[in-house]
Amino acid sequence: MKNPFVSVSEIDQTEYLSERCSLNRMVLKKLPLYGIEDEIEGMTFPEIFSTPALIAEVHAVSRQLGVDLSGKPDYLLPQMVDESLHSDNARYRQMAKRVVKKFGNRLGLLLLTLKTGERENRLGRGDWDDDCWAYWRSLDTVILTGGLASSMLGRRFKECIHTVFDTARVKAYRIVLFDNGSYVGMMGLAQQLMQDDSASLVLDLGHTGCKRAVIRKSGGELTEFIPQDSLPSLYMQSRFDNEEEKRAAALRLHRYLVNTITASYRVGQTAASLSDTVLISIANYTHNGLLNSRRGGYAKLSLLGSDYAKVLEEDLSGELHRDIKIRLVHDSTASALYFSDYERSACITLGTGFGVGFTDINPG
């Protein structure tokens with residue numbers, strides 16, 4: 001069936017996703033199956049399953065079991081849980097198993113909610129019509145990427161998902177795991193949008209970090225991947241007291257991005273003859289250089305020009321003394337591009353929230 005979440009640009013007929021597809025706005029009005037994690041009814045999807053929610057649970061369970069987390073920063077706790085699944089320390093192992101079972105069951109219930117589309121949950125998502133729910137029901141495969149889908153975490157989550165669906169007697173999605181989720185969006189962009197026999201600077205602008213690499217493509221295949229050090233995402237605040245404060249923050253973020261891309265391009269030139277086109281995966285719903293002005297830390301950049309890609313192109317061309325072209329792509333769409341060979345599939349990135357892309361999209 002036709003994907004109801006895909007829109008078509010009036011400018012060049014390329015396809016893109018809007019915020020309508022977001023799972024972060026979903027509220028679990030009614031559980032599709034009771035007796036597993038009943039307390040999550042009424043919560044939003046990110047409250048139920050996300051990196052912050054998992055970290056909070058690690059702290060709670062660790063206090064109960066006497067697991068010492070001192071000296072372990074929060075951002076490393078998901079990795080610690082993964083490693084603790086086979087720890088020689090019984091307390092660490094028990095903590096990890098409890099956390100993973102809880103969040104694996106939760107993820108299974110959320111996917112079951114999308115699959116069954118019960119009336120109460122339909123009413124809770126007013127911007128979805130019957131076609132939206134029917135599309136999720138029709139999908140064969142869900143590809144899980146991101147830090148929470150990697151290694152043993154992802155494998156245990158997959159087991160829990162199948163157990164939830166089996167208990168509900170509903171045919172499960174085929175779950176595909178991809179361990180190397182850190183760079184999947186960048187590789188998706190390069191695979192689908194780079195010209196053959198060329199090298200390009202590719203960036204992934206997330207909410208917490210900026211990943212960078214020079215990628216070479218030859219004979220239709222990605223033949224070289226030269227990563228640069230990741231950088232923190234700065235100036236990502238999204239709530240302001242007034243427009244003046246918001247615009248000032250947008251200018252600071254823009255200058256940071258210009259400096260980052262300029263430096264990345266210059267470093268990349270030492271390793272390869274780079275294309276004038278820079279490919280950017282960004283945590284924002286975007287098309288034809290236009291950013292969604294309502295959601296996320298990058299939304300404020302739309303104050304600097306209706307076509308933010310052109311704003312970037314102008315400043316970068318001046319810095320690098322060449323005619324730079326920018327291609328901005330929604331980050332989860334970029335990830336889905338890597339899996340374009342999978343039919344009837346959704347790609348879900350598990351992280352701070354849920355990122356969603358669909359493999360049948362054609363961004364041009």
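Predicted model: local features only at pLDDT ≥ 70, side-chain atom pairs only at ≥ 80, totals over all residues.
**Exercise 1.** Work out how the rings of W136 and F358 are arranged, and which parts of the chain they link.

*Solution.* Start with the total: the structure holds 17 aromatic pairs. One of them joins W136 and F358, with 5.9 Å centre to centre and 65° between the planes. Planes over 60 degrees apart count as edge-to-face, so the W136 and F358 pair is edge-to-face. Next, find the two residues in the fold: W136 lies in helix α6 (residues 130–138), whereas F358 lies in strand β13 (residues 354–358), so the pair ties together parts that are 222 residues apart in sequence.

**Exercise 2.** Are W136 and F358 buried or exposed?

*Solution.* Both W136 and F358 are buried.

**Exercise 3.** Now try Y183 and F225: classify the pair, then say where each residue lies.

*Solution.* The ring centres of Y183 and F225 are 5.0 Å apart and the planes meet at 65°, so this pair is edge-to-face. Y183 lies in the loop between β4 (174–177) and α8 (184–193), and F225 in strand β7 (residues 221–232), so the pair ties together parts that are 42 residues apart in sequence. For accessibility, Y183 has a relative value of 21% and counts as partly exposed. F225 is partly exposed too, at 29%.

**Exercise 4.** Which residues form one aromatic cluster with W136?

*Solution.* The cluster holds F5, W128, W133, Y135, W136 and F358.

**Exercise 5.** Which residue lies over the face of F103?

*Solution.* Look for R106, which lies over that face at 5.0 Å from the ring centre of F103.

Conventions: Residues numbered from 1 in each chain as written. Heavy atoms only, no water. Phe/Tyr/Trp six-rings, centres within 6.5 Å; stacked < 30°, edge-to-face > 60°. Helix = DSSP H or I, 4+ residues; strand = E, 2+ residues; numbered from the N terminus. Buried < 20%, exposed > 50% of the residue type's maximum accessible area, 1.4 Å probe, protein only. Lys NZ or Arg CZ within 6 Å of the ring centre and 35° of its normal.
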